[in-house]
Structures are given as C-alpha cells and as structure tokens.
Amino acid sequence: MDGKGKLIKSQNHKILSGQTHGSFEIPKKLKQGTYFFRAYTQWMLNYGAEQIALQKIQVGDFDRSSTVDKIQFYPEGGALVAGLENKLIIRIDGNRIGNVQIVDVQDQSVSNVVRYGENIFSVLFKPEKENRYFLKFNNGLKYPLPPIQDSGYTLQVNTIEEDVFDLRILASPKFQNEILHVIGESKGIRYLNAEVDFKDDSSIDFQIPKKGLPLGLFELSLRNEGGEVLAKRKLQIGESQLRIALEPIDKELSKGIKSFAIKVTDREGKPVAAELSVSFKEHENTLEPFDGEALSGYSGMSRKERFTNDLLLRTHQLPVNSGTNSTEDFPDKIYHDFQNGLEFYGQAYDLNNKLIANTAVQILIKTEEGNIVKEVRTDSNGMLKLSGLQLEGAATMVFRRVAEDTKSKLIRVHTYTYEIPPLKVPSNENNISALNLRKSRPEVLKTPEKKRASLAQEEGVIMLDGVTLVEEKARKMSAQSVYGIEPTRQVYQDLENPRTIPQLFLGIPGFQVSCMGGLNPTLVIPKSVGIGPVLWVVDGFPLDQETSSLREVMNLLSYIDIERIDFLSGPSAAIYGSRASGGVISINTRSGDTEEYYARKDGQTIFQGFHNSVDFTAYQESRKVNKRREKLPQTLYWNPSLKTDENGEAIIKVKLPSEALKIKFEALILTPEGRRGRVVQSF
C-alpha cells in the first residue's frame with residue numbers, strides 16, 4: 001500500500017504446517033516514496049487492523065539531507081524528577097541526525113548522550129530545580145526537554161539478565177519515609193505485589209525473578225498506600241524457549257563459500273528437531289549497545305538483544321508478544337471464520353444482465369494441472385461462493401447453467417473480494433486512514449436478522465457477524481490465442497453489428513485498406529512491424545503465400561463467421577519461421593459453434609490462486625550484479641524452512657562477499673507446540 005493506504009498490489013500464499021513464505025516483486029514503475037508491506041490472514045482481522053504485521057519500505061532514492069521529522073522523549077518511570085538520577089530515552093525520526101547533547105539554559109553541556117542505532121538515544125543525568133534543559137543538535141537547533149518535577153520517584157529497570165529484572169527506585173527526601181508497593185500486572189491480572197520501605201535511604205534495589213511471569217507485555221508500577229500510581233514502566237517478557245547456536249566450520253571452501261553448523265536445543269540443553277528460518281545479511285544500522293560478540297558457542301538471547309528489545313519497546317518500535325493468558329485476548333465480535341484455502345465470491349447474471357437467483361451453477365476451473373468441476377447454487381441475491389480452493393497461479397473459471405439454448409446457458413459473473421482493511425500505523429507514526437477504494441455492497445452480504453435468529457436457535461450453529469465484500473473491477477476476458485501466443489494487436493467482431501473484413505482491419509491501429517469499396521481492396525501494414533512476406537493463417541492453418549491476399553481471404557471467409565483477427569510480429573511470429581518475417585495475420589472463426597464463442601468471451605473470468613514464488617537461491621544466482629556496488633545492505637542467504645535432524649543440527653553453506661564486511665545472522669523458530677526461539681548476531 002502507498003502512504004495514503006491505497007492498495008498497489010496483493011497476492012495469496014498457501015499456509016502449510018502453520019507457516020508460509022515466498023517472494024513479492026515490487027512493481028518496476030512504482031513512484032518514489034514510502035510504502036507499507038502487510039501480511040495477514042482473514043482470521044487475524046477479527047483482532048483489528050492494528051494487529052496486522054506491517055513493514056515500512058522506501059522506494060527510490062533516500063533523502064541524503066539532514067532533517068528532523070519528529071522528536072519523542074521517554075523518561076523512565078514516566079517523568080523527570082529534580083535532584084534524582086533520571087534515565088531519558090529519546091527517539092528522533094529523520095535523516096542524517098548526527099550527534100546530540102543535553103544542555104541547560106546557559107547552553108552548558110550537562111551529560112553525554114549515547115546513541116543506539118539510527119534513531120534512539122539515551123542519557124543519564126540529574127536535573128536541578130528551576131533549571132531548563134534542551135536537546136541540542138550539531139547545527140545549533142535546540143528542543144526543550146519535558147518539564148522537571150520538583151519531587152517524586154524514579155523507577156529504573158535493567159532487563160539484560162536472563163532470569164531476573166534488576167529494579168532500582170529513587171525517592172526525593174520528602175518521600176523517603178513512605179511505605180510503597182511495587183505492582184506487576186499483565187492484562188489486568190496481578191502477579192506481583194512487593195512492599196518497599198526506604199528506611200531513611202534515598203534508593204532501594206531488588207530483583208524480580210522472571211520465572212512464573214506470563215509471556216507478553218508486563219507493567220510494573222510504583223504505588224502508595226492509597227493505590228495512587230507514582231511511576232510505571234512497561235516490560236516485554238518473551239525469552240527464547242529454544243536456543244540456537246551458530247558455529248563456523250574451519251574447512252576452507254572455494255569462491256568465498258563458508259560452512260556453518262547450526263544447533264537447536266531446549267533450555268536444558270537437549271537437542272530439538274525443528275524447522276527454522278535462517279538469514280545472513282550485510283550489516284545495516286541496527287542497535288549496538290555493546291561491542292560485537294565472538295561467533296563461537298553463541299546460544300539463546302544475548303544480553304545485547306534483551307537491551308535492544310527493551311529500547312525498541314519503550315520507543316514503540318517493537319511488536320509486542322501479547323501472549324494468550326486472558327479472555328481479554330479474544331475479540332468482542334467474530335467477523336471472519338478460519339479459511340481452509342482460497343475463497344471466490346461472485347454475483348451471477350445472464351448475458352442480458354438479468355440477475356440469476358436460486359439457480360444451480362456449474363463451474364469449470366481450468367488450471368495448468370488439469371480441470372476441476374464444481375457446482376454451487378446462487379442465493380436470492382444471485383451471490384455464489386466457492387470455498388477451500390487450492391489453486392496455484394492463475395486459473396480460468398467458466399460458468400454455465402442448465403438451459404435450452406446456448407445464450408441462456410452462459411452466465412456472466414461479477415467478482416467480489418473482501419474489503420481491504422484500513423492501513424493502521426503504530427501510534428508512534430502518523431495515523432493514516434485507508435482510502436475508500438471501492439464502493440462496498442453490504443446489502444448483498446448481510447443475512448436478514450429474522451433468518452439469523454432462526455439459524456441461531458439451531459443446535460450446533462455458531463453465527464458469525466457479516467463481513468463486507470466489494471465488487472472487483474471487471475476483468476478483461478478474451479479467447480485463447482493459437483499456441484497460447486499473445487498477439488501484438490487484436491480486434492474482435494461485433495456480434496450485433498458485424499463488420500466486413502476490411503472494416504475489421506481498420507480497427508487495428510496502423511493498418512490501412514486501399515480501394516476499400518472496389519473489387520480488389522489492398523491491405524497496407526505498418527513498416528515498423530518488419531520487412532518481408534506476410535503470412536495469412538486461418539484457425540491455425542497457414543495459407544499459400546503466393547495466392548493469398550485480402551481479396552482471396554474475403555472470397556474464402558464470410559465476415560459473419562469471424563470471431564477475431566490477431567496480428568503477430570517479431571518474436572510472436574517466430575513460431576511460423578522465416579515465411580512470417582513481415583508478420584502473421586491470424587483469423588479465428590466461430591466455426592459455427594456459438595456456444596464455444598460465448599463461453600470464452602462472456603462466461604469466464606480469471607481467478608488468481610496461490611502465488612508461485614521464486615526460490616531465493618535461484619533468484620540470487622540469476623541476479624545481474626551491478627559493477628558499481630549498491631550501498632544498501634544485501635541479503636546473502638535465506639532459508640525459510642531449514643530443518644534440523646534428530647540431534648538438532650543442520651549444516652549450511654553461505655557465499656560471503658570478498659571484501660571485509662560485518663554480517664548479521666538471524667534465526668527464528670516457532671514450533672507447532674508453541675515453543676519459540678530467536679537469535680540475532682553480528683560478526
């Protein structure tokens with residue numbers, strides 16, 4: 001989708017064993033700008049468009065100038081307090097930000113600002129009462145920090161340890177004698193209630209074990225005896241339940257190919273046979289709070305990754321693993337059922353555009369693997385539905401019904417699809433609403449309330465709320481060309497007002513007919529299509545070139561019997577050899593079979609099945625490498641379904657670049673049993 005929520009391109013991918021992967025080709029003529037890539041199932045839409053997996057991408061040249069689009073401050077605990085050590089996280093969206101510093105009202109630097117990656121900064125400082133502080137850039141621009149409270153509390157949490165959270169609470173002198181409570185909650189359920197007594201001290205430190213806490217978003221809050229929230233802090237609990245180790249193999253391979261051993265174990269060290277997604281990428285601007293780690297014996301989530309994820313969470317850049325430990329996870333209403341394959345919706349009309357209701361419809365589905373025959377019945381609104389379709393690539397659907405004459409048999413179907421959910425960008429981005437792309441037709445989709453009530457009374461029936469479908473733009477339908485070759489130019493006969501053969505040629509751009517009203521009309525073909533003899537073909541059979549001409553063809557065929565005329569030139573005409581160097585004029589007749597003619601043109605539509613994705617390895621080998629190396633990081637290896645053996649091990653080979661570069665290794669696991677693992681490492 002573009003930045004305004006307009007759909008640019010979409011495709012379907014088959015889910016096998018709970019996962020899917022594939023390729024998505026960005027249209028070449030896409031305008032430069034910001035776009036959003038989304039992936040979701042229909043069932044996910046029950047939880048709202050905000051839950052759709054979303055990735056922002058940039059198409060075209062990046063803005064190389066120094067700009068600041070947005071600045072956001074995140075004081076740990078919720079506020080900056082005078083006289084106490086405060087930790088402030090700063091997110092700056094823009095280009096080429098450069099270094100920043102914290103200065104006071106006299107423009108004096110008060111603390112060093114540490115940068116983590118492209119847009120996250122952190123500073124630890126102790127503000128003074130009645131002073132003002134600013135974020136200062138290299139170009140001299142200054143932005144004020146949030147207001148400073150005269151007194152209060154700060155709540156600081158260290159998340160880098162594997163088994164515990166380290167917690168520090170600081171209090172202003174006037175509040176050091178109060179008894180407070182540290183409350184830990186997830187989805188309204190309280191998991192922690194610890195009493196805090198400062199005992200005339202200004203700070204207190206203690207640890208919170210992670211064991212027993214639920215996965216997902218967890219909130220710590222500091223409260224007084226009256227339950228008033230004094231400070232709060234959000235955490236993400238989602239440690240890897242499986243561990244992934246990457247070990248280089250010392251054996252030298254040719255042409256820069258390096259072997260690596262990957263091993264998957266559980267937290268007790270037992271091997272796990274699993275399927276995981278593995279990638280090697282040239283390093284990009286990711287967060288690096290610590291120096292790079294050695295590529296040896298690495299296992300599980302690192303201290304660096306826990307630190308990184310915490311920063312991303314606090315600046316609203318980390319998708320939250322919500323967990324499933326509360327009925328609050330379930331939506332109030334169910335609009336979409338589970339899908340077992342693709343679905344096709346359509347509304348049936350006859351060739352006179354009269355609605356066909358409560359009628360059995362036969363559907364022939366033509367695919368590369370063969371033909372499939374289905375029969376469905378339209379409802380009172382002429383709507384028909386096919387479910388559970390497992391089709392690869394594009395398929396042709398032909399629709400018919402039982403009738404006496406050919407024209408009455410054929411059915412024209414207007415296709416419908418699910419309404420595109422609106423583009424919902426996380427709260428840290430500008431909220432963008434999707435455009436109303438197409439007029440919806442809810443009146444043909446909602447079940448009448450009386451009927452719903454009667455159905456709901458039936459035992460074992462669960463009523464789903466209505467979903468909205470929208471009519472798709474009419475698809476172009478045409479008859480099959482000879483040998484499946486797409487013609488260079490094409491013209492169809494008008495059934496109601498048939499045109500003569502010379503008149504048909506006048507409908508082809510560039511063609512001219514001289515002496516049109518005479519006894520010997522001549523066809524003039526554009527010189528741009530090629531020089532040489534022109535081959536006439538009727539229903540796939542070439543005519544004698546020495547005797548064939550426009551006049552001979554007019555004597556041979558009745559223009560009423562012609563279905564269409566195709567013109568082929570260049571590579572399209574190559575199948576006929578050198579005799580077609582000047583092009584091919586292919587005339588297709590109806591052959592007295594009006595049923596077949598109607599079926600092709602008016603009684604069929606194209607249905608897009610599951611996308612046939614390109615294999616990543618084959619794509620890499622076929623790429624044309626630009627001599628001038630691109631500055632954007634490249635993916636060197638990707639295997640979305642790497643399987644380990646019973647020992648939890650797998651060997652992979654990666655072709656690394658010849659120059660010295662930093663490489664990022666990433667591996668992900670999510671088993672059908674729900675066990676997960678993730679590792680991101682640079683070397």
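**Confidence first, then the pairs**

Modeller: Going through the elements of the protein, mean pLDDT (the predictor's confidence in each residue, from 0 to 100) is lowest in helix α3 (residues 449-456), at 40, and highest in strand β4 (residues 80-81), at 94. Helices (H or I, at least four residues) and strands (E, at least two) are DSSP runs, numbered from the N terminus. What you see is a predicted model, so local features need pLDDT of at least 70 and side-chain atom pairs count only at pLDDT 80 or more, while totals for chains, interfaces and linings use all residues. Residues are numbered from 1 along each chain as its sequence is written, and side-chain values use heavy atoms, with hydrogens and water left out.

For the protein as a whole, the mean pLDDT is 80, with 82% of residues at 70 or more. Two stretches stay under 50 in pLDDT: residues 428-459 and residues 592-597. Where pLDDT is low, the predicted coordinates should not be read in detail. The protein contains seven helices and 41 strands. Of its 683 residues, 40% count as buried; buried means under 20% relative accessible area, exposed over 50%, and partly exposed in between (1.4 Å probe, protein chains only).

Now to the charges. Side chains of opposite charge can pair when their charged atoms come close. A salt bridge here is a side-chain nitrogen of Lys or Arg within 4 Å of a carboxyl oxygen of Asp or Glu, and searching the whole structure turns up 16 salt bridges. One of them joins R314 to D310, with 3.3 Å between the closest N and O atoms. Both of these residues belong to helix α1 (residues 303-314), where they sit four residues apart, about one turn of the helix. R314 and D310 are both buried. They also have partners: E76 and R233 are linked with D310 and R314 in a network of salt bridges.

Another salt bridge is formed by E563 and R564, whose closest N and O atoms are 3.5 Å apart. Both E563 and R564 are buried too. E185 pairs with R190, and there the closest N and O atoms are 3.6 Å apart. In this case R190 is partly exposed, because its relative accessible area is 44%.

Most residues other than glycine have a negative phi, and most peptide bonds are trans. K187 has a phi near 55°, a positive value in a residue other than glycine. You will find K187 in the loop between β15 (179-186) and β16 (189-197), and with 25% relative accessibility it counts as partly exposed. E130 has a positive phi as well, of about 60°, although it is not a glycine. E130 lies in the loop between β9 (120-125) and β10 (133-137). Its relative accessibility is 84%, so E130 counts as exposed.

Finally, the rings. A pair of aromatic rings is described by the distance of the centres and the angle of the planes. Rings of Phe, Tyr and Trp (its six-membered ring) pair if their centres lie within 6.5 Å; planes under 30 degrees apart count as stacked, over 60 as edge-to-face and the rest as tilted. By this rule there are 19 aromatic pairs. One of them is stacked: F505 and F511, at 6.1 Å centre to centre with 15° between the planes. F505 and F511 are both buried. F511 also takes part in an edge-to-face pair with F567, at 5.0 Å centre to centre and with 80° between the planes. That pair links distant parts of the chain, since F511 is in the loop between α4 (501-506) and β31 (512-514), whereas F567 is in strand β35 (residues 562-568), 56 residues apart. F511 counts as buried because its relative accessible area is 5%, and F567 does so because its value is 1%.

Notes. Contact means heavy atoms within 4.5 Å.
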